[in-house]
Amino acid sequence: MTTAHPASRIAEGLPHPLGATWTGLGVNFALFSANATKVELCLFDSRGRTELERIELPEYTDEVWHGYLPDARPGTVYGYRVHGPHAPEQGHRFNPHKLLLDPYARAHVGTLSWNDACYGYTIGGRDEDLGFDRRDSARYMPKCRVIDPAFTWGHDRPPQIPWERTILYEAHVRGFTRLHPAVPEALRGSFRGLAQKEVIEHIRALGVTSVELLPVQAFVDDRGLLEKGLRNYWGYDTIGFFAPMMRYAADPQTANTEFKEMIARLHDAGLEVILDVVYNHTAEGNERGATLSLKGIDNASYYRLMPGAPRYYINDTGTGNTLNLAHPRVLQMVTDSLRYWASEMHVDGFRFDLATILGRETHGFDEGGGFLDSCRQDPVLSGVKLIAEPWDCGPGGYQVGGFPPGWAEWNDRFRDTTRAFWKADAPVSEMAARLCASGDLFNRRGRRPWASVNFVTAHDGFTLADTVAYNDKHNAANGEDNRDGNSDNRSWNCGVEGPTADAEVLALRERQMRNMLATVLLAQGTPMLLAGDELARTQQGNNNAYCQDNEISWVDWTGLASSAGLLRFVRRLTGLRARYPILRRSRFMTGDFNEALGVKDVAWINASGAEMKADDWSDGLMRCFGMLMDGRAQATGIRRPGQDATMLMMLNAHHDVVRFTLPEAASGKSWRLVLDTNVPDLTERIERAIGEAYELTGRSLVLLALQT
């Protein structure tokens, strides 16, 4: 292996942009490390198996090591070896025997093959992580590949769905198409598979607007999972913030192109693409974790270390390490990555895993923190959808409603309340707040109802079908003796745990699924559906299928026939939401009386048809109530009457029928039935007189429109 280079082969290059950049004539390499003493660029053969030579980057400018190779081209395979102090007790873990991935790499070659040589210390030694391992890790490591970013986008345009019209659909690239019969076998589970006409048509026909994909940035399979015959299915173990996951490419050599083609086809169908991104931690773990990239490049800069004991990592993520977004170069890396996916890859928005981490400063979570502020002022990021998972494992980590204007947030309060209400365990006051986009949490600083992302199911937890079929989690397949996963699921098996042939139980389960779907899609806020719920997909009671890359997690498309009725019901709900603006208002419904217009935007009705009083709200046994949304209420900041339909939603979580008296509404002559979860395939036009009693089936939801 050659370690020296003729002066003519290497030029000084530039400290920007970071990463490996093809200029059309050569490649500029730039790597940030504030504490390194030398950086070597390692070049490999096209398959990444043989290290051909090492080149010392000649220049160091503003803590960036850089050099220019005029004879390098797209397809060049490379990695880094970074020299510096080995002083774990001071936070420095440099080890040039470990090949490192460029954090700005646009593509990877090969996969991580776990070996003890991948660790910077010798496993099994005394004070393990303080040791220094001299074994070369290159043969076990994936490598980086220089790409040519050129791509003909043609007439691709972002759909730019207004937030008020947005319906999110959370899906997994691999699991969504792995069993799809219309997708060619070679394309199943890939970006190209998701771009197939039949797949896109299914999504579009549902009436959703935005596909939210679980992590697609390059990640690794945890060593412990592989040893158990499992692997990282969800993808929350990122190692490359700029590189698409090769596993999701039909041809790993063209992963970037395949991803762009998928985006273009989804856009052509009018669908947005939101990426679930993980900038809170990396796959390198804590002090006993592997040295794969950032840990060996500049551990003390990239990670948050314990004050006074920098040998150890602050673990607000629960995964071993926490990225240090308080450092300007780390903040730059994250925002550069986001801009890359938005600008170069044409992504329409991001959902941030454990997003409270991103707002943490040295004193704790701060909604005016550097990262959150940078997104608000950035000309690119301020124009895409930003969705927070507003919690982490650190002190003060639960921040639902605590993010700044411009952000939407996953609202687990909506999930928990909705599940509990339909099993008759939640007070009506709590349910009413959730139906109004959780204004008690979000109605501040000019935020809008869309800030509340309402869901009852997501990748993490029970599917919809399992929520009504299991009281307890059944995670034995994960190999942790059922200790993993949340035990507080607010689920109800409707009388039988798991599969059953009992017709009465099955009918109740189906109605409960319709109730929860209707609650999500008819409530104020931004609804989110979990892919496969429209097909009653089951995970056999597994509520933590993070490691199940198999039939437990994959969408079973054979359910299309047996779940045709549920599929039609979902389409009916999305159609209603699109047809009636009153169901997706851009202003919070507060129930306050508007004296200028003489109207309340929302009124709460009891079963007698009268407006609810204090005694109703405090009645712990009350499980049936109505939500009267007045279409004449002010719809925008302009003080004028609204032009929307007036609608009445009635919810009955009792086990028995409730005779609900239909209330009076100004200028109304009668109520027309729009939806009844007990009659999912409603076809006939049914009108009921004001003051008439409606037989509200036990555990059902009804929607009516006022006729004038």
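Phe241 is buried, because its relative accessibility is 3%, and buried here means under 20% relative accessible area, with exposed over 50% and partly exposed in between (1.4 Å probe, protein chains only). This is a predicted model, in which local features need pLDDT of at least 70 and side-chain atom pairs count only at pLDDT 80 or more, while totals for chains, interfaces and linings use all residues. Residues are numbered from 1 along each chain as its sequence is written, and side-chain values use heavy atoms, leaving out hydrogens and water.

Let's look at the rings next. The structure holds 35 aromatic pairs; rings of Phe, Tyr and Trp (its six-membered ring) pair if their centres lie within 6.5 Å, and planes under 30 degrees apart count as stacked, over 60 as edge-to-face and the rest as tilted. Trp163 and Trp450 are stacked, because their ring centres are 4.7 Å apart and their planes at 5 degrees. Both Trp163 and Trp450 are buried. Phe241 pairs with Tyr279 in a tilted arrangement, 5.1 Å centre to centre with 35 degrees between the planes. Tyr279 is buried too, at 0% relative accessible area.

Now for the cysteines. A search of the whole structure finds zero disulfides, a disulfide being a pair of cysteine sulfur atoms within 2.5 Å. The sulfur of Cys42 is too far for a bond, because the closest cysteine sulfur, in Cys144, is 11 Å away. Cys42 counts as buried at 0% relative accessibility, and Cys144 counts as buried at 0% as well.
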